[in-house]
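Subject: A structure for you to look at

Hi there,

I am passing a structure on to you, with a few notes on what turned up in it. Please open it first and then read on.

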Amino acid sequence: MRPTKLIMEGFGPYCARTELDLDRLGEAGLYLITGETGAGKTTIFDAITFALYGEASGDQRRAEMLRSKYVEETSPTVVELTFVNADREYYVKRTLGFWRKKQRGEGLTEVPPTAELRLPDGRVLTARAEVDRALREDILGIDREQFTQIAMIAQGEFRKLLSASTDDRKRIFRQIFGTGPFFALQERLKAEAKALEDECSSARAGIRQYVNDASCGESSPLAGRTAQAKAGELTTEEVLSLFEDLIREDGAAYDAAGKWLSDTENALEKVSSALTRAEEQDKARRELAGCLEARKAHAPVLRAVGEAVKAWEARRPEMEKLRTAVTLMGEGMKDYDELERCRDLEKKLTGEACDLSAALEKAEETRLTLQTEEETLSAALKAQQKAAADKAEAEALDRRMLRAAGDWEALMKAAGDLRRARARAEECLSRYTLQSGKARLSQGTYLELNQRYLDAQAGLLAQALTDGEPCPVCGSTHHPAKASRPESSPTPSQLDTARERAEAEQAAMQSASQASAAARATASSMAENYAERFASVSRELRDCASSVPSGDPAVLLEERLSSLADGLSRGVDPDADALTDVTSLFREIRDPVSARSADLTALAGLAEKTERMLQENRNRTESLRRSVEERRSRLTEIAAEKRGNAERVEHLLGALKHGTRREAEAELTLRRRELQTMEAAVQEGESTRQAAEKKMTELDSRIRQAETLLANAEPCDREALTSERLSLTEEKSRLADIRQQLYARMGGNRTALANIREYSASLGDLEKRLTWLRALSDTANGTLSGKEKVTLETYVQMTYFDRIIRRANVRLMVMSGGQYELKRRTDSRNRRSQIGLDLDVIDHYNGSTRDARSLSGGESFKASLSLALGMAEEVQASAGGIRLDAMFIDEGFGSLDAESLNQAMQALADLSEGNRLVGIISHVAELKERIDRQIVIRKMPIGGSRAEIVC
């Protein structure tokens, strides 16, 4: 991946739009990013990273911190990047989300971030998640963290790798090379071994707990063995045997107590049965005496009830006659109902007739109102229709005047342009006149100096003449009057200076002459154009003014136009005040026209509404007419219904016994109550007789039961039986308590025995598994006794570290002139700390090997830079062979002497061979002289920084 163009706006210190054409830096070699501290050198890499991943390059800065502090609140933060990857060009644009004030109301509103990716095939992706996935997975193949590790050797960061301990390097490599799963495996093995140890301890503690729960009788022969078990003096097998003996002993005692309890319960049941029979016999004697007495008292009551029932049965024909009369009277109530309905109908019809009469009177009033409204609406509609006819003419005139006013405004602007053009022509003429004087003066000075110079040449030539020798000019050998040399003759350089100045002044005069001619031509052309436009627009204004009666404004307008035309014919500049007066006067003429057009438009716009209201009025009138006809028809029907209803009322009154329904209902209610009283008396007498017969039957049954029970009764001693039952009950309770104690003890011992067996069986398996798992955990975590402290993760990282060192030594041998070579330490200086990733340096000058942290500042820089370059190459190889054709180095080269700097530059030049472009971020002055291709960044007094490419 190689960036070819970068655009930043509102990003970091770059407030204004900054465009860098990175293609100018070429496709390979070194280039320098230079500028003051804090100017924004590293920000260029931040911008590239933000465009590709939407984040900053380092973990110290969040994306939202990249917004420029110089940018306005509403301005966006934008980064655009064009880059080439696998010979295909891509374009990506991102904006940073930010908060700005709401345009309405108080508070802030969020402007969300955006992303856009243009692919080589022309497709454009705009969804942020889709853009991120395409760049990370389909195009680059690496994430942001890998990209920054490969493409950017950050300032002060890569020295950490040189001076880090094994533990620190483990954390660095875990993040870079993804060895976290190996570390997780170590931790998991350690945790599982610890969990198995806890399980074994728990199993042993469980066995001890259940042994302590062993229970036996105080007088048991097993009490001594039980005490030994609780003291931990018995083996697991002996403990299991003890619990089995305890359970057998308590089981035998439990069975014996059960037999005694069964015998006691049988005896108790026999005594209780005898006592129950004696109590039942006493109760039967009392029951027999009471029932005989009650039967004797109930016999007269039964006879009296029977006689009362017979008396009511004799009145049953009377009751049937009354029931028939009630039924007939109930059926006759229908006629009374019809009579009431007829009377109600009479009232209803009378009320409806009154309502209809009132409605007809109101309808007539409404009809008269609607007629008046229709006449008013018809008159208004005619006026509005006439306004619609006049509207087009008024609008046309208004548009014509508006167009004329616009043309006049344009003419006023042209007048201002003409005045400025004439002023420009005058200025150019003055400049030419002045420059003409300067040219004549400088030309005269030059001619004078030239003459003096020529005179001086004759004097110089005469000094070399000798009598008898020919003159080089005239050939004479006699020189009676030799020319003398002037004391102050100009030198050739002074003559050349005067000539160059005369030529420059002459050129300036010609330039001023051309500018003056061009300005006069422009002013003349503009004057002709203005005159034509003035004539045209003046006619237009006069025509518009003559179309309406305008009075004084039209007269004044004509005067101003004539005055302007006269000045124009005399070549005078257009008078701005007169032009403004024309605008005001024409507005006075036009305003009434515009107002009338607006009034006509508004009036014409009401025609449709008025026509609709008129139609609604006519519809209401027609509806009212139909309603009146319907009401009159209904009045006729009501009169007919009232006559028929009166005849039916007269017929019903002649056929009914009572005049009203209320009188008929009163008589019917009286007869129904009389019938209900008789029926209730009969029903009550029957119920009383049945209850008396039922009670007599129950007394006879109870007497027979008591006599039967007493016929088979045997005599018994109740006191002796009671004493014997009490004694047997106490014995039963004592035996039940003994069995309960034995059962609880057996249950506890059985539970303890089962758990001890379970813990004993699992403890063996746990201890076997713990043996091999502890060995595996110690191996993976580097804690084997007597062995080197190398963890599994460190062992894997050692492979990466060895490859990084091999790649780094290729650079370091060049940078150090063959003196230094890095080496991973393979032996431990003690057996207590972790090893495997410690770093030594071999000094080939003296054959010594020492800790890499002992290197001096410059040497440490070269070793650190070599390690960083080696790690970047290894990360690329580990990322599926991804190759970035551009990388950045941000580090202080100022710690190097001249020779070391040469060596570092040579190593970096080797790194940039092929198609790799390496950018060095530095402000070291010597680098500016050595590297031609540069991105120069300058801090500006206001508005942040500026960047430009210098090649």
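Asp87 sits in the loop between β4 and β5, and its phi is positive, about 65 degrees, although Asp87 is not a glycine. In that loop, between β4 (77-85) and β5 (88-96), you will also find Ala86. Ala86 has a phi near 55 degrees, again a positive value in a residue other than glycine, and with 64% relative accessibility Ala86 counts as exposed.

Some background on the model: it is predicted, so local features need pLDDT of at least 70 and side-chain atom pairs count only at pLDDT 80 or more, while totals for chains, interfaces and linings use all residues. Residues are numbered from 1 along each chain as its sequence is written, and side-chain values use heavy atoms, with hydrogens and water left out.

The chain averages a pLDDT of 80, and 89% of the residues score at least 70 (pLDDT is the predictor's confidence in each residue, from 0 to 100). Helices (H or I, at least four residues) and strands (E, at least two) are DSSP runs, numbered from the N terminus.

The largest nonpolar core has 48 residues, and Leu6, Ile44, Leu52, Phe83, Leu117, Phe147 and Ile935 touch the most other members. A nonpolar core here is a set of buried Ala, Val, Leu, Ile, Met, Phe, Trp, Tyr and Cys residues joined through side-chain atoms within 4.5 Å. Helix α1 (residues 41-53) gives the largest share of this core, 8 residues. Leaving aside neighbours within four places in sequence, Ile935 is in contact with residues including Leu20, Tyr31, Ile44 and Ile949 (contact means heavy atoms within 4.5 Å).

Finally, a helix pair. Helix α7 (residues 223-230) and helix α8 (residues 236-314) pack at an angle of about 140 degrees, their axes 10 Å apart; axes are lines fitted to C-alpha atoms, for helices over the stretch in contact, and angles run from 0 to 180 degrees between N-to-C directions. The contact is made by Arg225, Thr226 and Ala229 of α7, and by Glu238, Val239, Ser241, Leu242, Asp245 and Leu246 of α8.

Enjoy exploring!

How values were computed
Buried < 20%, exposed > 50% of the residue type's maximum accessible area, 1.4 Å probe, protein only.
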